[in-house]
Amino acid sequence: MISKLLGIAGDLKPEAVKKDYSAILLDEERVEAGFKVIRDTFIFTDIRLIIVDIQGMTGRKKEYLSIPYSKITMLSVESAGHFDLEAELKIWVGSHSTPIEKKFNTKVDVYDVQRTLAWATSGNKR
């Protein structure tokens, strides 16, 4: 399991993530770790990364972006600075030249998310 190998539990319990997002998870899919990132959620399973993007003022509209680990080609982390209090993670998928960009406040360690993602995409799984 990703969380056990890296010693990272994330800030969400896998059992709660499985319950809350059961509609988008496969029956046999295992939730390894979950991170709440401002309004969005990163869900690491044994087969893919799911980014739940909360949209609009009320947050009722949600996009569920499913990314197989094998399609992630590059990662980038930009740390928070003195005046810029948000860190940023960029994920390049397939041959797209524009990355998926997510900002992190100080409540979530962007390095934990990046480390989990780097391990999941390294091919060392299973």
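This briefing covers the sheets, cores and salt bridges of the structure above.

The model is predicted: local features need pLDDT of at least 70 and side-chain atom pairs count only at pLDDT 80 or more, while totals for chains, interfaces and linings use all residues. Residues are numbered from 1 along each chain as its sequence is written, and side-chain values use heavy atoms, with hydrogens and water left out. Helices (H or I, at least four residues) and strands (E, at least two) are DSSP runs numbered from the N terminus.

- β1 and β2 run antiparallel and are joined by six bridges.
- K36 stands opposite T41 in β2, and V37 stands opposite D40 in β2.
- Two residues lie between the strands of this hairpin, and I38 in the turn has a positive phi of about 55°.
- Six of the seven residues of β1 are buried, so the strand is mostly covered; buried means under 20% relative accessible area, exposed over 50%, and partly exposed in between (1.4 Å probe, protein chains only).

- Five bridges connect β6 and β7 in the antiparallel sense, with L89 opposite K102 in β7.

**Nonpolar cores**

- A nonpolar core is a set of buried Ala, Val, Leu, Ile, Met, Phe, Trp, Tyr and Cys residues joined through side-chain atoms within 4.5 Å.
- The largest core has 20 residues, of which F42, F44, L49, I91 and F104 touch the most other members.
- At least two residues of this core come from each of β1 (31–37), β2 (40–45), β3 (48–55), β6 (87–93) and α3 (110–121).
- A second, separate core has eight residues, including Y21, V31, I43 and I50.

**Salt bridges**

- Six salt bridges are found in a search of the whole structure; a salt bridge is a side-chain nitrogen of Lys or Arg within 4 Å of a carboxyl oxygen of Asp or Glu.
- One of them joins the side chains of E29 and R48 (2.7 Å, N to O).
- This pair links distant parts of the chain, with E29 in the loop between α2 (14–20) and β1 and R48 in strand β3, 19 residues apart.
- E29 counts as buried at 3% relative accessibility, and R48 counts as buried at 14%.
- The side chains of D46 and R30 also meet in a salt bridge (3.6 Å, N to O).
- D46 lies in the loop between β2 and β3 and R30 in the loop between α2 and β1, so their pair ties together parts that are 16 residues apart in sequence.
- D46 is buried, with a relative accessible area of 6%, whereas R30 counts as partly exposed at 39% relative accessibility.
- R30 and D46 belong with E32 to a network of salt bridges.
- K102 and D40 form a further salt bridge through their side chains (2.8 Å, N to O).
- K102 is in strand β7 and D40 in strand β2, so this pair links distant parts of the chain, 62 residues apart.
- Both K102 and D40 are buried.

Conventions
Two strands pair if DSSP finds at least two bridges between them.
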